[in-house]
Amino acid sequence: MESNIPQRPRSLSIEGLDQEVKRLQLSVSSTTLLCSACSAVQWSSLANNQPFDHSGIMVMKVHATHDELRVSACPVCRALALIKPATLDGQVCSLKAFGSQPALAASSYTSPRPTSWKQCTVLGIVPEGSSYTTCRELGFFAVLGREPADFEFGPRRILPGSVDYSHIKSVISFCVEKHLECCFHHETTRVDGLRVIDCVTKNVVEAPEGSQYLALSYVWGDRGHAAAITGDSFSPVVEDSITVTMELGFRYLWVDRHCIGQDEADKHHMIAQMGRIYSNAFLTIIAAAGADAQYGLPGAGKRKRVEQLETTVDDCTLLQIFPVGPSSIKDTKWASRGWTYQEGYLSKRRLIFTDQQVIYLCNGLFAPESVVRPLRRDIFNVYLGNRPFWDLFPRASIFTGNAAYTPSHEPQSLLDHITEYTRRQLSYEVDSLDAFKGVLASYETDKRSPIRHLWGIPVQGESGPFFSLLWYHKSVATRRSGFPSWSWAGWAGGVSWLSRHWNRILNDHKCRITFSGEDNRQQPIWPSNLQSSASSPLNTAPRQLQITSPTVTLRIETFSLTQEQLATTTKIRFGSHSTSLQKRRADGHMAVFRISPHARVAALIFFDNEVKAGAHLTGLVFSLGNTHDHGHAILVLQENEHHYERTGLISIIHGTDSDLPMLYLDNEGQILDEVWIEGQDDWVERAEEMTIRLH
């Protein structure tokens with residue numbers, strides 16, 4: 001492979017990337033200068049002999065960096081720069097040839113066997129130790145012979161200025177006919193007061209009874225600019241969505257900016273129904289390209305898409321296949337915004353516009369525009385058809401693949417949603433729960449096992465009382481006003497949860513949690529008469545919890561260990577049982593508290609906000625888990641006049657099962673090499689029980 005002086009990596013805008021592709025195409029047509037490595041490849045042979053093995057056939061090693069490929073005199077090397085990003089620089093990579101069926105199918109577990117499909121050869125850059133699935137995130141080049149062929153698996157040529165609506169319509173028809181279980185799994189309830197854009201008259205009207213409509217999910221961008229767009233003046237993304245709606249044979253389109261009234265009562269009324277709006281939509285148009293409403297939908301309006309690279313070498317055509325993995329969507333502005341999480345989750349069919357292509361994704365399959373695939377049920381079964389997109393569109397992941405395609409509405413799955421949602425950004429902190437209400441409502445209205453919530457904390461009692469306060473931040477977060485400190489919604493920052501076995505804190509017989517009801521009397525969290533959040537505004541929900549539990553006094557300290565100390569362990573004895581713990585310090589403060597008359601523990605604390613060394617805090621102790629997964633959690637609180645507010649969380653597991661920093665100290669603060677503890681719960685038995693008010 002030819003090598004040149006490396007350039008600094010550069011990032012190209014969409015327009016710049018399009019110009020780069022055109023530069024490559026022009027230079028290929030004007031020269032046949034190949035480097036020695038590319039000259040040695042029998043390109044015609046690759047076009048005529050498809051390698052069906054999933055491991056592929058080695059074409060050549062690729063040692064050059066992205067920038068070396070990009071500025072190479074060899075046209076093939078420059079083409080490979082489009083599928084070998086700078087992130088792979090320094091890794092051992094190979095150019096491999098695969099059959100297009102295993103490379104482009106949703107899963108390798110398809111039937112009938114791959115050799116029965118008409119397919120072509122595709123080339124992909126594969127890092128050492130990886131498989132062809134990596135190439136789905138990078139893209140391929142199809143190797144096409146001189147004679148035209150009708151492939152069942154292969155590339156589709158994309159026009160930069162127009163969308164292939166016939167392809168989209170055929171995929172939608174397939175979904176409507178075949179996906180009766182997964183894309184029509186829920187009962188629909190009419191949205192009260194639903195207004196839509198009539199795409200013929202471009203007026204906002206009451207949705208006609210029984211009419212089908214499409215919904216738009218997009219990023220507003222500068223809300224001040226968006227607010228100036230009124231009446232008949234639509235932003236480019238709305239104009240383009242109107243075009244798409246009519247091209248697909250529909251008349252009505254729902255867009256939040258135009259279909260939700262501006263008075264507070266109407267806003268609250270429609271936000272409470274947001275889940276139904278997207279669930280009931282026949283299809284949701286997702287504007288994943290650009291950073292605001294002015295960008296439009298590439299290919300559907302004035303903005304063109306990135307042009308496919310197509311070049312000729314050795315009587316063969318190399319045709320670019322754009323990435324077919326989820327990264328082309330994950331890395332967008334759209335996927336970083338809080339409101340779009342539930343919009344993507346609750347939709348049953350999604351038409352995703354990127355700068356390169358349109359991707360159709362329902363709860364049973366995904367179909368990128370740049371790929372030809374046979375539309376057959378045995379190729380795109382519901383369980384595997386969209387698996388790569390599960391963490392981005394988790395609606396698809398709630399189906400277990402059984403005959404009933406039953407959604408998994410267990411409390412743990414809702415915790416997973418909260419984790420993903422809190423990693424996203426909001427323009428207005430007051431939207432913290434409103435932007436997630438649709439997801440919460442979908443769990444709350446489940447007839448088999450409804451899960452309610454109190455300020456976003458799931459509450460359920462059918463399979464054992466479930467109410468988890470055991471979320472934590474891996475880095476310091478920012479406090480949101482207007483929300484209780486014990487709710488994840490009261491903080492801006494991604495949250496995680498302790499072990500799934502540790503979230504039923506109401507099972508701890510020492511712990512009692514109540515809230516103040518409408519009559520100001522204390523009521524238990526479960527069973528309780530919590531009102532449905534879908535029918536009551538959050539400002540009527542109780543903000544204060546009353547918790548009775550064992551407590552410990554915590555002192556925040558910082559420790560410095562030598563390399564010799566870090567290389568040793570502490571022997572821990574529980575009666576006749578003993579274990580050992582590797583000495584580890586936290587990169588920051590640790591919480592110190594007493595576990596016996598002669599020993600204290602210094603444990604890692606996951607802070608919600610900044611706390612200075614030397615501070616004294618209060619910890620509520622919860623005994624958690626079972627005989628196989630036993631431990632304790634300490635909810636760290638800071639006193640504020642007549643109540644407490646949450647400030648962090650500690651997880652305690654003694655012995656070799658712990659992977660968190662923990663030290664044992666004597667009464668003088670010296671680190672111990674050996675410690676004796678009467679029992680794992682003795683220190684909790686000795687702890688003082690307190691009743692506190694947590695705001």
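I shall go from the chain as a whole to one group of strands, and then to the aromatic rings.

Please bear in mind that this is a predicted model. The mean pLDDT of the protein chain is 81, and 78% of its residues reach 70 or more. Over residues 1-12, however, the pLDDT is below 50, although this stretch has 31 contacts in the model beyond near neighbours in sequence. Residues 25-31 also stay under 50, and there the model has 9 contacts beyond four places in sequence.

Now to the overall composition. The protein chain contains 19 helices and 37 strands. Of its 695 residues, 56% are buried. The exposed surface comes to about 29,400 Å², of which carbon and sulfur atoms supply 48%. As for the contacts with a separation of 6 or more, 72% of them join residues 24 or more positions apart.

Let me turn to strand β2, residues 93-99. With β1, residues 57-62, the pairing is antiparallel over 5 bridges, and Lys 61 stands opposite Ser 94 of β2. With β3, residues 121-127, β2 is joined by 7 bridges, again in the antiparallel sense. There, Gly 99 has Thr 121 in β3 as its bridge partner.

The structure holds 10 aromatic pairs. One of them is formed by Trp 455 and Phe 483: the ring centres are 5.9 Å apart and the planes stand at 85°, which is why the pair is classed as edge-to-face. This pair links distant parts of the chain, 28 residues apart. Trp 455 belongs to the loop between β17 and β18, and Phe 483 to the loop between β21 and β22.

Finally, charged groups over rings. Arg 349 lies over the face of Phe 282, at 4.4 Å from the ring centre. The charged end of Arg 646 sits over the ring of Trp 471, with 3.4 Å to the centre of that ring.

Key. Residues are numbered from 1 along each chain as its sequence is written. This is a predicted model: local features need pLDDT of at least 70, side-chain atom pairs count only at pLDDT 80 or more; totals for chains, interfaces and linings use all residues. Side-chain values use heavy atoms; hydrogens and water are left out. Two strands pair if DSSP finds at least two bridges between them. Helices (H or I, at least four residues) and strands (E, at least two) are DSSP runs, numbered from the N terminus. pLDDT is the predictor's confidence in each residue, from 0 to 100. Contact means heavy atoms within 4.5 Å. Buried means under 20% relative accessible area, exposed over 50%, partly exposed in between (1.4 Å probe, protein chains only). Accessible areas come from the Shrake-Rupley method with a 1.4 Å probe; for residues, only the protein chains shown count as cover. Rings of Phe, Tyr and Trp (its six-membered ring) pair if their centres lie within 6.5 Å; planes under 30 degrees apart count as stacked, over 60 as edge-to-face and the rest as tilted. A charge sits over a ring if NZ of Lys or CZ of Arg is within 6 Å of the ring centre and within 35 degrees of the ring normal.
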